[in-house]
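Q: I would like to go through this structure with you, piece by piece. Could you put it up?

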Amino acid sequence: MRSIKVYHGVALDGLEFCYEGGRSELFGKRGGKDGGDEFLLDVRRGETIVGFFVRAGYYIDGVQILTSTGRKSDLYGGSGGSG
C-alpha cells in the first residue's frame with residue numbers, strides 16, 4: 001500500500017486504500033472535500049498502518065492514521081463524537 005485517501009467534511013465519508021499500479025479499494029464514498037486528503041506511506045522504510053484513532057458518536061466524526069514508524073496523520077473529519 002502506498003497511500004490512503006480520506007474523504008471527509010464534518011464527518012468521515014470514506015477511505016480509499018491505494019496500491020502500486022493504480023489499484024485501489026474504496027470503503028464508503030468519495031464525499032466531503034473535493035479529492036479528499038491523501039496520507040502517503042514511506043514504503044522505502046517499510047512503513048505500514050498499525051491502527052486508527054477514531055472519534056465517533058452517532059456516526060464516525062473523525063479518523064487519524066497511525067503507522068509502524070510512530071507517525072500520525074492529521075485528524076481528518078470533525079472533532080465531534082458525542083452524537
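Q: Why is S6 largely enclosed by the rest of the structure?
A: Six of the eight residues of S6 are buried, so S6 is largely enclosed by the rest of the structure. Buried means under 20% relative accessible area, exposed means over 50%, and partly exposed lies in between (1.4 Å probe, protein chains only). Strands here are DSSP runs of E with at least two residues, helices are runs of H or I with at least four residues, and both are numbered from the N terminus.

Q: What should I know about the model itself?
A: This is a predicted model, in which local features need pLDDT of at least 70 and side-chain atom pairs count only at pLDDT 80 or more, while totals for chains, interfaces and linings use all residues. Residues are numbered from 1 along each chain as its sequence is written, and side-chain values use heavy atoms, with hydrogens and water left out.

Q: How many helices and strands does the protein have?
A: The protein has zero helices and seven strands. From the N terminus on, the elements run β-β-β-β-β-β-β.

Q: Which strands sit in the sheet with S6?
A: Three strands form an open sheet in the order S5-S6-S7, with antiparallel pairing. S5 and strand S7 (76-77) are the edge strands, each pairing on one side only. Two strands count as paired if DSSP finds at least two bridges between them.

Q: How many bridges join S5 to S6?
A: Seven bridges join these antiparallel strands, and a hairpin connects S5 to S6 through three residues. Within this pairing, Phe53 has Gln64 as its bridge partner in S6, and Gly51 stands opposite Leu66.

Q: And on the S7 side?
A: Two bridges join strand S6 (residues 60-67) to S7, and the two run antiparallel. Val63 has Tyr76 as its bridge partner in S7, while Gly62 is partnered with Gly77.

Q: Back to Phe53. What does Phe53 touch?
A: Leaving aside residues up to four places away in sequence, Phe53 touches Gly62, Val63, Gln64, Leu66 and Leu75; contact means heavy atoms within 4.5 Å. Phe53 belongs to strand S5 (residues 49-56) and counts as partly exposed at 39% relative accessibility. Its C-alpha atom is separated by 9.8 Å from that of Ser73, 20 residues apart along the chain.

Q: Which residues form a nonpolar patch on the surface?
A: Phe52, Val54 and Ile60 form one, with about 240 Å² of accessible area together. Val54 is in strand S5 and is partly exposed, at 43% relative accessibility. Patches are made of residues with over 30% relative accessible area and no salt bridge; like charges are joined within 9 Å, and nonpolar side chains (Val, Leu, Ile, Met, Phe, Trp, Tyr) within 5 Å. Accessible areas come from the Shrake-Rupley method with a 1.4 Å probe, and for residues only the protein chains shown count as cover.

Q: Changing topic: how many salt bridges does a search of the whole structure find?
A: The search finds five. A salt bridge is a side-chain nitrogen of Lys or Arg within 4 Å of a carboxyl oxygen of Asp or Glu. One of them pairs Arg2 with Glu38, the closest N and O atoms being 3.5 Å apart. Arg2 lies in the segment before strand S1 (3-8) and Glu38 in strand S4 (residues 37-40), so the pair ties together parts that are 36 residues apart in sequence.

Q: Which residue forms a salt bridge with Glu16?
A: Arg30 does, with the closest N and O atoms 2.8 Å apart. The pair links distant parts of the chain, 14 residues apart: Glu16 is in strand S2 (residues 12-18), and Arg30 is in the loop between strand S3 (24-28) and S4. Glu16 is buried, with a relative accessible area of 5%, whereas Arg30 counts as exposed at 54%.
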